[in-house]
Amino acid sequence: MKTILYQLARLDINAAQDWYNDEQPGLGEEFTDEFYDALQWLERQPGMGSKRYAHLMPGAQLRCWSLDRFPFLLFYRCVQRTDGMTLEVIRVIHENRDIAKAWLKH
């Protein structure tokens, strides 16, 4: 399965990585490693994510997945394209934020 990171997701990941590196050198890379491990899991089992926040993108089959070590939610959807199924990562948001407000922020 192909994976696409939306620009907002990239910005979210970079901001989190920078914040963690400021807290402790190397911790940002650990965050990124966990994020990509989660992506590999979701590429194999895309239906595992929760539909709890599906109302944020009605009709888009939005799902979310919680990282294990870091308190972030990965928002994604699976889309059938001409070249096969694609996992689209839309946002990566800290789980303690107001998700609806954070969703609209950018």
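## Leu-56

Leu-56 is buried, at a relative accessible area of 18%. Buried means under 20% relative accessible area, exposed over 50%, and partly exposed in between (1.4 Å probe, protein chains only). The model is predicted: local features need pLDDT of at least 70, side-chain atom pairs count only at pLDDT 80 or more, and totals for chains, interfaces and linings use all residues. Residues are numbered from 1 along each chain as its sequence is written, and side-chain values use heavy atoms, without hydrogens and water.

Leu-56 sits in the loop between helix 2 and strand 2. Helices (H or I, at least four residues) and strands (E, at least two) are DSSP runs, numbered from the N terminus. Beyond its neighbours within four places in sequence, Leu-56 contacts Leu-62, Ile-99, Ala-100 and Trp-103. Contact means heavy atoms within 4.5 Å. Trp-103 is 47 residues from Leu-56 in sequence, yet their C-alpha atoms are 7.8 Å apart.

## Helix 2

Helix 2 has 18 residues. From first C-alpha to last it reaches 26 Å, close to the 26 Å expected at 1.5 Å a residue. That expected span is 1.5 Å times one less than the number of residues.

Its buried residues are Leu-27, Gly-28, Phe-31, Thr-32, Glu-34, Phe-35, Ala-38, Leu-39 and Leu-42. They lie on the same side of helix 2, because they cover an arc of only 160° around the axis. The arc is taken over directions from the helix axis to the C-beta atoms. Strand 1 (2-5), helix 1, strand 2 (63-66), strand 3 and strand 4 are among the elements covering them.

## Helix 1 against helix 2

Helix 1 (residues 7-23) packs on helix 2 (residues 27-44) at about 145°, with axes 6 Å apart. Axes are lines fitted to C-alpha atoms, for helices over the stretch in contact; angles run from 0 to 180 degrees between N-to-C directions.

Helix 1 brings Ile-13, Ala-16, Gln-17, Tyr-20 and Asn-21. Helix 2 meets them with Leu-27, Gly-28, Glu-29, Phe-31, Thr-32 and Phe-35.

## Nonpolar cores

A nonpolar core is a set of buried Ala, Val, Leu, Ile, Met, Phe, Trp, Tyr and Cys residues joined through side-chain atoms within 4.5 Å. The largest has 19 residues; Phe-31, Phe-35, Phe-72, Leu-74, Val-89 and Val-92 touch the most other members. Helix 1, helix 2, strand 3 (72-81) and strand 4 (84-94) each supply at least two residues. Helix 2 gives the most, six.
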